[in-house]
Amino acid sequence: MTTIQTLPLRPFPLKTPSKPLLPKPSLFKITARANPPISGRKLRAAVVGGGPAGSSAAEVLARGGVETFLFERSPDAAKPCGGAIPLCMLDEFSIPPELIDRKVTQMKIISPSNLTVDFGKTLKPHEFISMLRREVLDSFLRSRAESTGATLVKSLVTNVELPSSPGAPYVVHYAIDGSRRTLAVDVVVGADGANSRVAKSINAGDYSCAIAFQERIKLPDDKMGYYLNLAEMYVGNDVSPDFYAWVFPKCDHVAVGTGTICSKKNIKLYQHGIRSRVKPKIEGGKVIKVEAHPIPEHPRPIRVRGRVALVGDAAGYVTKCSGEGIYFAAKSGRMCGEGIVRASEGGERMIEEEDLRREYLKEWDKKYIGTFRFLDALQAVFYGSNAGREALVELCGDEYVQRMTFESYLYKKLADGNRWEDARMVANTIGSFIRCKLLAK
């Protein structure tokens, strides 16, 4: 027989942070707008989802004085993910070096005709792409959020009940060991992935999802040595009709996977395609884990409604063309948390929808929406046919293209270009397309 336990809104003792962590207190600059004060307690927030987005939001909220509950249904599980993060994330999010499995300094991009380009020639001696396992990163970020005062609730959130009147609380429904429970909160941060229950509760709208399929393969020592600091990307209709396939090195194995949005039912066929392409390099390997997961293809139509905000995959923050999501998940969670802390003046005041739009959504879109649209256009141009993919790989051999790509990726800021080099790059792009189209015929 199930029991129902309700936690009303009332004062709760807050955990004391062990020591100040990122972000810096200066980020909690209060806003000029004066929201209604909260009497006898602090603002209470529920963060649903304990991945990089949710953990980063929970850390900032707890650090900023908001009473924070972080819900994660499967703390020991790992999302299927290539696991690559940019260099700037290590410092920005204080990621310890021992979490990194491999420092990739070489990258190969292989075209449908097996034209191979070395895509790391412009990396400086101190530059690399970090490869890690999501279960390791996620666990670290959750533990850090707990250390700042967030309460971790190991439970599946089944529903978020909307307020019955203005100013009334949101009610989070969740289950622990067959027991149904509820928690009343002032604000909800949805960080529960592409199939977000929080997004459904606020009618945030549908969006297209890709499916990512990945096998973790333990290789013999001699084969693993080949991937010591090397990552590979493969393009072609045999591995994906609209994305790329990958071989990324981990601590003692490689992740071999692919993704698609337009032909999900054939995902195993494309996985067979990438395994065939890399067969000589992984021969003798043993599959130790098989993973599959939906990946959002664009931001949701609605990312803020009422006192609910979506971040990470729940908001649709995965870039096309590159498929990058870890950094943008963590960054969106942090920016959302910072916005709530600012608007609530450290948890002392109630917040409203306009506060979330102003302090979080507007700032996010101003900083990153252009990047998402640009990469969306690149995917449409280069991933639609094998001729386009051949042109893409050909262009990646250009050192100027490599420098601009890595500077933008590693540091998450627009690289300083040269207008003459930019003009040459455009001319080369057109030339490559024409040449590859003719060859395709």
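This is a predicted model: local features need pLDDT of at least 70, side-chain atom pairs count only at pLDDT 80 or more; totals for chains, interfaces and linings use all residues.
**Asp-177**

Asp-177 comes out at 81% relative accessibility, so I put it down as exposed, the cut-off being over 50%. I then checked where Asp-177 sits in the fold: it lies in the loop that joins strand S11 (170-176) to strand S12 (179-185). Its phi is near 50°, which is positive although the residue is not a glycine. I noted this because most residues other than glycine have a negative phi.

**Ser-94**

I found a positive phi at Ser-94 too, again near 50° and again in a residue other than glycine. Ser-94 belongs to the loop between helix H2 (87-92) and strand S5 (102-104). Is Ser-94 buried, exposed or partly exposed? I get a relative accessible area of 36% for Ser-94, so I list it as partly exposed.

**Cysteines**

I searched the whole structure for disulfides and got zero.

Cys-209 takes part in no disulfide, and the cysteine sulfur nearest to it, in Cys-262, is 14 Å away. I have Cys-209 as buried because its relative accessible area is 13%, and the limit is under 20%.

Note on methods
Residues are numbered from 1 along each chain as its sequence is written. Side-chain values use heavy atoms; hydrogens and water are left out. Helices (H or I, at least four residues) and strands (E, at least two) are DSSP runs, numbered from the N terminus. Buried means under 20% relative accessible area, exposed over 50%, partly exposed in between (1.4 Å probe, protein chains only). A disulfide is a pair of cysteine sulfur atoms within 2.5 Å.
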